Amino acid sequence: MIIKQLSVFLENKSGRLSDVTEALSENGINISALSVADTSEYGILRLIVGRPEKAYELLKNLGFSVSLTDVICLIIPNESGTLYKAIKVLASNGVSIEYMYAYAMNGDASVIMKVSEVNKAIETLTENDVELAKASEICN
Amino acid sequence: MIWNEHIECMNRDELREIQSKRLCETVERVYYNVPFYRKKMQELGLEPGDIKGIQDLSKLPFTTKQDLRDNYPFNLFAVPMSDIVRVHASSGTTGKPTVVGYTRRDLSSWSEVVARSLHCAGVGKNDRIQIAYGYGLFTGGLGIHYGAEKVGATVIPISGGNTKKQLNLMKDFESTVIACTPSYALYLAEAMEEQGIDRSKLKLKTGIFGAEPWTDNMRKEIESKLDIKAMDIYGLSEVMGPGVACECSYQNGLHISEDHFIPETIDSTTLKNVDKGSEGELVFTTITKEALPILRYRTRDLTVLNYDKCECGRTMVRMQKCRGRSDDMLIIRGVNVFPSQIESVLLEMSETKPHYLLIVDRKNNLDTLEIWVEVHEAFFSDEIRKLENLTKKITHEIQSTLGINVKVKLVEPKTIERSEGKAKRIVDRRNLV
């Protein structure tokens, strides 16, 4: 249920994103999801990849500031009200969301979330019939 | 206008005699009253009797800023504290400021040299001088203040900052002279333009600018924007404060009050005097000061001395406008900043590496300091909030150490250029040379 997200600190200068993706590409690591949080000075690239530990070592050796963060991935039907239902569960259980990013395609939508308490989030969401992706399903 | 024609236009041989006599008195005073100097002289095998005049000056030991710090606060004073009537201190950017003291006679000499400086710059009793240098421990404000009162000018002691009020008073009080840092003068000019103040309604004619290095181009800009004559004044607290030297109307070097301060120029590496007309590090020996007499103080400012008689009639030596420093000290908005101070702040933080780069620039005529810091991999967080808090923390720590605003920028580890030899820590884009 817990998914290892790779986070990379990037200065806002050209070529950095290209360096990261090149390294992953050369080592056959696939990216399932990504998001970039940016400030005026730097950005944080968050990636869900196949073999996150390998990617972590790889980028670290290339001199990037990287970290692995525990996140969860909600699988919710791609229809109105479903995201609300899931988030309400977290809110009523006192779990806060640090950040999230999502994509919806065909039947279901996937929402990746960094939450304050991962295990509590998993427990309460599962109890409330919110489906969560397994690491093996998303990191490929 | 010459304040003290008898001295300022004195025959140089006569001046040398006065300097020699006063130098001998000073050496005697420090030998018997300041353990630091006695020890230094004994180490060199020197006794007061070995100094017979100015020709023996180079036998004397040097004094550095570090010596003042090591003797913090009052250990270099040559008189009992009961005779000290005033103290000033440098910004104290690294923990310990350099403290200087004055006896009543010292304050009177200081007013005298500032009075000469003001007359030299064309300021007299009919002027109204707005003093926008900071008042307080910094020598700028009070230093100019007493000299201005001595020449009989009308003093407007507004101190630094508060631009709107500066402009209002300048108009209402009909100030004829503004004394401040050159960068603040340009800032005032811009504010004037923004607020639609009609220059022709002002009586301003002269500016007395110092406390930071500035170029001839900057002078031209100030002169055209403010429509005044921009005069360079030089001084440092260790020697006295503002008024050690000042430009005359010919604006071709700053006349040094040599009957109070003997200047030399040395090679910063060999410590030998440089040839006449060559650039060297400016060194001062004070020869009238009672509270804090100082032998061969290494200013670290680079200049050239010109002993030719000036067209203004003064015979006092002229120092060229300072263009650089022989150490890595930066002067940011009048505040002395050493890269090592920033380094020590960073070293105390576990989240950063001691790799940094200082980017100094002059934006809208104000100095800016940006500090690039490498974030430690171990501290790297995927949350922006945490990185922003780190930025805030570093900014706060550095600001409270330096006393000036800085901008901190986090950069990736190992992206700041490493060098084999002396690290390049500073990128100065102010283009002052």
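Reply:

**The sheet of chain B and its helices**

In this predicted model, chain B holds an open sheet of nine strands with mixed pairing, in the order 4-3-5-6-7-8-9-14-13. Strand 4 (154-156) and strand 13 (305-306) of chain B stand at the edges with a single partner strand each, so one side of each has no neighbour in the sheet.

Within the sheet, strand 6 (residues 206-209) and strand 7 (residues 229-236) of chain B pair in the parallel sense over four bridges. Gly207(B) has Ala230(B) in strand 7 of chain B as its bridge partner.

Helix 5 (residues 104-120) of chain B packs on the sheet and touches strand 3 (128-131), strand 6, strand 7, strand 8 (241-247) and strand 9 (254-256) of chain B. The direction of helix 5 makes about 30 degrees with that of strand 8 of chain B. Helix 9 (residues 216-226) of chain B also packs on the sheet, touching strand 6, strand 7 and strand 8 of chain B; its direction makes about 130 degrees with that of strand 7 of chain B.

A helix pair in chain B can be described as well. Helix 10 (residues 339-347) and helix 11 (residues 384-402) of chain B pack at an angle of about 140 degrees, their axes 10 Å apart, which means that helix 10 of chain B is oblique to helix 11 of chain B. The crossing is right-handed. Gln341(B), Ile342(B), Val345(B) and Leu346(B) of helix 10 meet Ile394(B), Glu397(B), Ile398(B), Thr401(B) and Leu402(B) of helix 11. The residues of this contact comprise six nonpolar, two polar and one charged.

As to confidence, chain B has a mean pLDDT of 91, with 97% of its residues at 70 or more.

Methods:
Residues are numbered from 1 along each chain as its sequence is written. Chains are lettered from A and ligands numbered from 1 in the order in which they are written. This is a predicted model: local features need pLDDT of at least 70, side-chain atom pairs count only at pLDDT 80 or more; totals for chains, interfaces and linings use all residues. Side-chain values use heavy atoms; hydrogens and water are left out. Axes are lines fitted to C-alpha atoms, for helices over the stretch in contact, and angles run from 0 to 180 degrees between N-to-C directions. Helices (H or I, at least four residues) and strands (E, at least two) are DSSP runs, numbered from the N terminus. Angles under 35 degrees count as roughly parallel, over 145 as roughly antiparallel, 65 to 115 as roughly perpendicular and the rest as oblique. A crossing is left-handed if the near helix is turned anticlockwise from the far one by less than a right angle, and right-handed if clockwise. Contact means heavy atoms within 4.5 Å. Ala, Val, Leu, Ile, Met, Phe, Trp, Tyr, Cys and Pro count as nonpolar, Asp, Glu, Lys and Arg as charged, and the others, Gly among them, as polar. pLDDT is the predictor's confidence in each residue, from 0 to 100. Two strands pair if DSSP finds at least two bridges between them.
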